[in-house]
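Hello,

Here is the structure I promised to pass on. Please open it and keep it beside you as you read.

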Amino acid sequence: MSDVHVFPTFDALSRSASQHIAAHIQTVLRENDTYALALAGGSTPERTYELLASGFPSIAWERVHIFWGDERFVPSSSARSNERMARRTLLSKIDVPFANVHPIPTDAGSPSAAADRYNDHLRTVFADRDHTFDLTILGIGDDGHTASLFPGTRPDATDADKTGLPDGRLVRAVEAPAIYDIRDRITCTYRALNASTEVVFLASGADKQQAVARARAGDPDVPAAHISPRHRLTWFLDPGAAGEEA
Ligand code: 6PG
């Protein structure tokens, strides 16, 4: 199931996305002890994270576990780090325990070592359940990439079956196309992302319009088109990304 919401402004998009995520956290925590939230990097989610941090004091953050869908292979102190962005906009403002924050270990010596460690960690953390993240936040590039799954990356035939935690890797090291200044990346695989209960895509700006349209049309050359979570996928767009700009 997928829903699309278009908002008149970026702030309205971010506000609604934060409300959607907060509501899902509250719903899941009514029936479960913990909640697994996977964060996106880039710039689009920043405002959503700030609103999530400030607008929902009743969230039991001590029961929320924070993960990342992907990371650039840079130190967590780098201005380009997705972890650093999340700590600045969200984690530094909520009472989430240290043990609940699961960054991708970019101090692991190499991208493949970092990917192996995170892959093993996710397998351990999710071993006793039939899905990975309760909700994954994703962005989309103008080339249709999402997380660090770039054009040319297709789901393996042995993709997740819907009955349980998928076989195969949940995390791997990738090299971004040459146009990207940080090419060494670690990313959750389609298996890991599609084993989420819910996915929320955030996209703003006319430069994303074509990628969003192709993804929603199921264009197999667009990585974001292969995102299909177990329950619900929701797009939060502004008029530019939705192709509705006057
Ligand atoms: C990253 C993200 C990446 C991002 C898109 C959109 O590490 O950069 O995970 O997938 O979501 O590139 O980025 P913007 O939100 O900055 O447009």
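This is a predicted model: local features need pLDDT of at least 70, side-chain atom pairs count only at pLDDT 80 or more; totals for chains, interfaces and linings use all residues.

**Overall fold**

The protein has 7 helices and 9 strands. Its C-alpha trace spans about 50 × 40 × 40 Å along the principal axes. Buried residues make up 54% of the 246. Among contacts with a separation of 6 or more, 79% join residues 24 or more positions apart.

**Surface and charge**

The accessible surface is about 10500 Å², and carbon and sulfur atoms hold 48% of that. There are 25 positive and 33 negative charges, and their mean positions lie 1 Å apart.

**Salt bridges**

Side chains of opposite charge can pair when their charged atoms come close. The count here is 13 salt bridges.

Start with Asp11 and Arg47, which meet at 2.9 Å, N to O. Asp11 sits in helix H1 (residues 10–31) and Arg47 in helix H2 (residues 46–55), so this pair ties together parts 36 residues apart in sequence. Asp11 is partly exposed at 31%, and Arg47 is partly exposed at 27%.

Next, Asp134 bridges to Arg129 at 3.3 Å. Asp134 is buried, because its relative accessibility is 5%, and buried means under 20%.

Then there is Arg183 with Glu175, at 3.7 Å. Arg183 is partly exposed at 31%, while Glu175 is exposed at 55%. Elsewhere, shared partners join Asp11, Arg15, Arg47 and Glu50 into one salt-bridge network.

Best wishes

Conventions: Residues are numbered from 1 along each chain as its sequence is written. Side-chain values use heavy atoms; hydrogens and water are left out. Helices (H or I, at least four residues) and strands (E, at least two) are DSSP runs, numbered from the N terminus. Buried means under 20% relative accessible area, exposed over 50%, partly exposed in between (1.4 Å probe, protein chains only). Contact means heavy atoms within 4.5 Å. Accessible areas come from the Shrake-Rupley method with a 1.4 Å probe; for residues, only the protein chains shown count as cover. Lys and Arg count as positive and Asp and Glu as negative; His and the chain ends are not counted. The place of a charge is taken as NZ of Lys, CZ of Arg, CG of Asp or CD of Glu. A salt bridge is a side-chain nitrogen of Lys or Arg within 4 Å of a carboxyl oxygen of Asp or Glu.
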